[in-house]
Amino acid sequence: MTTLWLARHSETTWNTEKRMQGRGDSPLTAHGIALADALGRHVANCPPYALLSSPQGRAMHTARIVARHVPLDIVEQPALMEIALGPLEGLTREQALAVYPAFSAFRDEPERYVPLDGGETFAQVAARVSTWLDELPTRYPGQTVLGITHALTLLAICSIVNKHTIHALWDEPHASSCALFRFAWDEANGWRLERPGDTSFLRDLPTRGATID
């Protein structure tokens, strides 16, 4: 059996300002650094065989903090990058709707969402993470791996594993900063979601509301 732990990157300044990041980036907050350290201490109790990460700055910073506790090289995984939002990156939802009213479909009808130039559809995100999931058991047979990714990428992965349509994407369990999801794969059943959004290891830290990545 191959076990995959996936965590959302830690809190950033744009998260606290409710700005959409997409392929953009902003630094981790002091609170975010504390959350990532708690994640690292937690996974050190059962160290993974490999540490994978989206190559985006906020995910890599989270992974580097985790690696202080599990001394592994970080393997960059472009498939784990966040959905690209093009010129809407850095804007709040309200600002994005003012610039591009059709952005309402992003939440209301995700299967119909058409991005501006430089953006991705949800179907494109699902296609790249689906291929990545298909390849992972062959690359890490019988191993436990940890990946650092992003909120909407995690939604897409949950949707694929749960065999749901893109229309129901926002019904999947949402990931707050450093929330940890456990997936398992075996040859008979394929991938399954065993534990969504665990934050029990963060209970001694102050909490803040989750925001769109």
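Let's start with a side-chain pair: Asp 198 and Ser 200 make a polar contact through their side chains at 2.8 Å (a pair of N or O atoms within 3.5 Å, where one must be able to donate a hydrogen and the other to accept it; residues adjacent in sequence count only if both atoms are side-chain atoms). This is a predicted model, in which local features need pLDDT of at least 70 and side-chain atom pairs count only at pLDDT 80 or more, while totals for chains, interfaces and linings use all residues. Residues are numbered from 1 along each chain as its sequence is written, and side-chain values use heavy atoms, leaving out hydrogens and water.

Asp 198 belongs to strand 6 (residues 190-198); helices (H or I, at least four residues) and strands (E, at least two) are DSSP runs numbered from the N terminus. Asp 198 counts as buried because its relative accessibility is 7%, and buried means under 20% relative accessible area with a 1.4 Å probe, protein chains only. Beyond its neighbours within four places in sequence, Asp 198 is in contact (heavy atoms within 4.5 Å) with His 42, Cys 178, Ala 179 and Leu 180.

Now turn to helix 2, residues 30-43. Its buried residues include His 31, Leu 35 and Val 43, and their cover includes strand 1 (2-8), helix 3 (57-67), strand 4 (144-149) and strand 5 (180-186).

How values were computed: The expected span of a helix is 1.5 Å times one less than its number of residues. Buried means under 20% relative accessible area, exposed over 50%, partly exposed in between (1.4 Å probe, protein chains only).
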